[in-house]
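Hi everyone, and thanks for coming. Let me put the structure up on the screen, and then we can walk through it together.

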Amino acid sequence: MSTGPILSVEHLSVSFPMGRERLVVVNDVSFDVRPGELVGLVGESGSGKSVTALAIMGLLPETAHVIGRIDFQGEDLLTLPRRRMRGLRGRRLGMIFQEPMTSLNPIFTVGDQICEAIRAHEAISRKEALDRAVLLLEKVGIPSPRSRLFDYPHQLSGGMRQRVMIAIALCLSPKLLIADEPTTALDVTIQAQLLDMLQALREEFGTAILLITHNMGVMAEVADRAVVMYASRVVEQAAIEDLFDRPQHPYTEGLLGSTP
Ligand code: ADP
Ligand code: MG
């Protein structure tokens with residue numbers, strides 16, 4: 001197996017129209033994620049983390065100008081035709097967002113949503129898909145998963161909804177999972193459980209994870225390596241121990257100082 005990166009973001013810049021000008025919100029950003037690695041993308045609100053994630057997923061709005069290269073398993077995602085990109089999302093590239101209530105469809109049951117995610121990419125029967133859904137829900141720590149298949153999103157707690165989102169993201173064993181502030185809306189105990197679960201899933205499936213957070217504590221706990229963004233740029237990237245032992249950039253030092 002190759003030990004090269006699974007994802008290489010190379011000189012990525014993204015701008016949006018602002019009046020007659022363009023506002024650059026991601027500026028010459030470069031970083032790699034290796035197979036099975038958990039990389040933290042950290043930085044304060046507005047630093048360009050989510051826009052970077054959306055660029056990787058091919059989900060930026062039409063108004064965005066994007067330059068650079070995003071190499072995923074040897075393909076440049078920025079030049080991939082839309083249809084190919086849709087095929088990649090869900091299958092090899094998974095994503096979970098901050099607020100699962102807005103990502104889950106309120107009018108479909110948990111079972112239906114997982115089934116649909118699987119059957120969009122694999123020709124298997126509904127029964128087979130439901131059986132797989134039960135296994136997945138079990139993996140993400142949902143008690144009595146079979147009965148949960150018939151629940152609607154509003155019947156679940158925030159932590160449970162986030163677990164369902166993770167189950168959906170993992171249903172096709174993606175090579176890379178992008179998690180954008182997956183724990184921010186949850187209380188501290190649930191946050192810790194979710195992070196443990198991400199770790200466990202990474203070990204089991206070998207999925208690489210790009211974990212986006214503004215919380216240095218979260219990062220320190222689970223990441224192998226951190227990429228620090230500040231005002232649209234990457235200001236530092238290092239193994240997590242090195243970052244804590246000898247931060248190179250004053251902004252990183254400030255971030256570490258404010259960790260509870
Ligand atoms: P972060 O996730 O680090 O908090 P974002 O990546 O969401 O930050 O945003 C970076 C900057 O890009 C912010 O100033 C935000 O207002 C701007 N931005 C994000 N999406 C859009 C958009 N669709 N149109 C215009 N500006 C945007
Ligand atoms: Mg964000």
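Let's begin with helix H7, where Gly159, Met160, Arg161, Gln162, Arg163, Val164, Met165, Ile166, Ala167, Ile168, Ala169 and Leu170 are buried. Buried here means that 20 or more other C-beta atoms lie within 10 Å of a residue's own; with 12 or fewer a residue is exposed, in between it is partly exposed, and the C-beta atoms are placed from the backbone. So twelve of the 13 residues of H7 are buried, and the helix is mostly covered. When I say helix or strand, I mean DSSP runs numbered from the N terminus: H or I of at least four residues for helices, E of at least two for strands.

Before we go on, please keep in mind that this is a predicted model: local features need pLDDT of at least 70, side-chain atom pairs count only at pLDDT 80 or more, and totals for chains, interfaces and linings use all residues. Residues are numbered from 1 along each chain as its sequence is written, while chains are lettered from A and ligands numbered from 1 in the order in which they are written.

How far apart are the end C-alpha atoms of H7? They are 18 Å apart, which agrees with the span of 18 Å that 13 residues should give at 1.5 Å a residue. That expected span is 1.5 Å times one less than the number of residues.

A nonpolar core is a set of buried Ala, Val, Leu, Ile, Met, Phe, Trp, Tyr and Cys residues joined through C-beta atoms within 7 Å. This one has 68 residues, and the members touching the most others are Ile114, Ala167, Leu176 and Leu210. Take alanine 167: beyond its neighbours within four places in sequence, its contacts are Ile114, Leu136, Leu137 and Val140. A contact means that two C-beta atoms, placed from the backbone, lie within 7 Å.

Now to the ligand. Which residues surround ligand 1? They are Phe16, Val25, Gly43, Ser45, Gly46, Ser47, Gly48, Lys49, Ser50, Val51 and Pro61, each counted as near because its C-beta atom, placed from the backbone, lies within 6 Å. Helix H1, residues 49-57, gives the most to this shell, with three residues. By class, the shell has four nonpolar, six polar and one charged residues. In that scheme Ala, Val, Leu, Ile, Met, Phe, Trp, Tyr, Cys and Pro are nonpolar, Asp, Glu, Lys and Arg are charged, and the others, Gly among them, are polar.

Next, the sheet. Four strands make an open sheet in the order S2-S1-S4-S5, with antiparallel pairing. S2 and S5 are the edge strands, each pairing on one side only. Strands count as paired if DSSP finds at least two bridges between them. S1 and S2 have nine bridges, and serine 8 has aspartate 32 in S2 as its bridge partner. S1 (residues 7-18) joins S4 (residues 65-72) over seven bridges, with valine 9 opposite isoleucine 70 in S4. Two bridges then link S4 to S5, residues 75-76. These last two strands form a hairpin with two residues between them, and glutamine 73 in the turn has a positive phi of about 45 degrees.

S9 (residues 225-230) and S10 (residues 233-239) pair in the antiparallel sense over six bridges. Their hairpin has two residues between the strands, and alanine 231 in the turn has a positive phi of about 45 degrees.

Let me finish with some loop residues. Serine 144, between helix H5 (126-139) and helix H6 (145-148), has a positive phi of about 30 degrees although it is not a glycine. Glutamate 181 is not a glycine either, and its positive phi is about 50 degrees; it lies between strand S7 (176-180) and helix H8 (188-205).

Is each of these two buried or exposed? Serine 144 is exposed, because 10 other C-beta atoms lie within 10 Å. Glutamate 181 is buried, because it has 20.
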